[in-house]
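Here is a short briefing on one protein structure. Please keep the sequence and the 3D view open as you read.

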Amino acid sequence: MRKWICFCCLFAAINGCQVAPHTPSIDTDQPFWAAGDSDPAARFALARRSTPELIAFLRRMPKGADLHNHISGATYSDYLIDSARRNAKQFDTVTLAFTDEEGPDTVGMSTFDADPELIVAFRNAVSMRGWYPSSASGHDHFFATFERITSAGRSAGEMLAEVMARNAYQNVQYLEMMATTAPVEVVAKFRAAYRGLDLNNLEASFAPFAQLTRDPEVAAAFTRELDAWEVEALTLLQEEHHLPPERAPMVRYIPQLDRVGSLDRFFVAAVLFMTAVKSDERIVAVNMVAPEGLPSARRQFDAQMRILDFLWGRLGEPPMTLHAGELSLRESPVEPMWDRIRRSIDEGHARRIGHGTSVAWERDLVGLLEQMRAEQVLVEVSLSSGEAILGIANEDHPFDLYRRAGVPLCVCTDDEGVSRSNLTMEYVAAVKRYDLGYADLKRLVRNCIDHAFLPEELKAVQQSELETRFAAFETSLAEGFRE
Ligand SMILES: [Zn+2]
């Protein structure tokens, strides 16, 4: 946008002409929402003058999809406290987590709710509110939140309703939630089938599961579990959030493999989750999570890629999106960064990359970027978590590197509750850091829908819906931006 302003001034100076009426100067005090001007790019130039104006503009701008959103990291601590109350939990003042058992350090929820210090301690412990760069590692604080989040007993349906309502309010039409579907009876069957893992004979390791991966009862169990989540979520949306179902975003699910647990469990979970993708159309892909910089993640990466490569071919080539290159020298030696993203694409079959922050260290960077552009491998960018976990922000983030290379990007939240952020604020950060104009924003938003893991006919419906929303938004801007 800076370029646009310069060209405009230059043109006016040379020709002595007036600036066209649809391109107001940013020196004006005219609000971006004043009726009459039909050029949304000019309105956006006005909205960029301050953060509150940007928030107001971007909150209502269609944002298409959030493709990288962990359901438990998305829930806000404020609502975890509500859930803990409903579940009659005790609060442990030492571990700063909820528990079912009374103990010497626990207090009941009435005491907890009446004690501002305990509330602050909990909220700080389950989000980045309580972390300051000089106090400790943001990475450690971030990943330590999750066990405490789980302790409140907040159900998948409750979290889903919260995230859907929040995104509906921000004009988001489609969500791919990282939420692990693992019906207890199915997990038990898969664990019982396990006969050992031989990395040199994956065929033999897989053989005991072959029947289960085609078992209609297994498929039905995944569907039952998702149905239960969605029934609860839709009920809450109507009763508590007052959101009619037709205004709720469409949701799809991505189960998450644990990259730092044992390889045995990784193998069984990979068979289970790829079976889940075949079982229910709402489960659209598989991802791999947990801190990528931990020594066990580094040591096991080779084996994990072999397992994914084998099972991907064996189980119908499910869509894959992998956290890859969520690394910096603060959390990892440089060696894993030489090929982490490339191998996640070539061996792990990732069609999307989560974060990809360490890309500059990749061997044959130019070749990798050309491959990502040619194969349309999208990068899911999460600016607030990248800053909190890795300490990477502003020009240290490869946002512009990817953009200049023509690699598609989508702005995502990652863990909006932990980061105390949301999709609007991720766009605010992207605009402020990377000098984005309105056309850049539309391209980013369209990328997200274009790279959704949906069958073509459903994707076409979402693409058409997005264009309808853009038209309505731009009309509203021209007519005074009233809701
Ligand atoms: Zn993530």
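Two strands pair if DSSP finds at least two bridges between them. Helices (H or I, at least four residues) and strands (E, at least two) are DSSP runs, numbered from the N terminus. The model is predicted, so local features need pLDDT of at least 70 and side-chain atom pairs count only at pLDDT 80 or more, while totals for chains, interfaces and linings use all residues. Residues are numbered from 1 along each chain as its sequence is written.

**The open sheet**

- Strand β5 (residues 172-178) pairs with β6 in the parallel sense, over five bridges.
- Within this pair, Y174 stands opposite M250 in β6.
- The open sheet has three strands in the order β1-β5-β6, with parallel pairing.
- β1 (64-70) and β6 (250-254) stand at the edges with a single partner strand each, so one side of each has no neighbour in the sheet.
- From one strand to the next, the twist averages 20 degrees.

**Helices across the sheet**

- Angles run from 0 to 180 degrees between N-to-C directions, and axes are lines fitted to C-alpha atoms, for helices over the stretch in contact.
- Two residues are in contact if their C-beta atoms, placed from the backbone, lie within 7 Å.
- Helix α9 (residues 156-169) lies across β1, β5 and β6 and runs at about 150 degrees to β5.
- Helix α21 (residues 438-450) lies across β1 and β5, at about 65 degrees to β1.

**A helix pair**

- The axes of α13 (residues 263-279) and α14 (residues 295-314) come within 10 Å and cross at roughly 25 degrees.
- α13 and α14 are therefore roughly parallel to each other (angles under 35 degrees count as roughly parallel, over 145 as roughly antiparallel, 65 to 115 as roughly perpendicular and the rest as oblique).
- The contact includes F266 and F267 of α13 and I307 and L308 of α14.

**Buried places**

- A residue is buried if 20 or more other C-beta atoms lie within 10 Å of its own, exposed if 12 or fewer, and partly exposed in between.
- Helix α17 (residues 383-390) is mostly covered, with seven of its eight residues buried.
- Among the buried residues of α17 are L383, G386 and I389.
- The buried residues of α17 pack against elements including α8 (138-150) and β10 (350-355).
- After α17 comes G391, with a positive phi near 75 degrees.
- R352 is found in strand β10.
- R352 counts as buried because it has 28 C-beta neighbours inside 10 Å.
- Among the residues that R352 touches are L67, E380 and H451.

Definitions and conventions:
Lists of a residue's contacts leave out its neighbours within four places in sequence.
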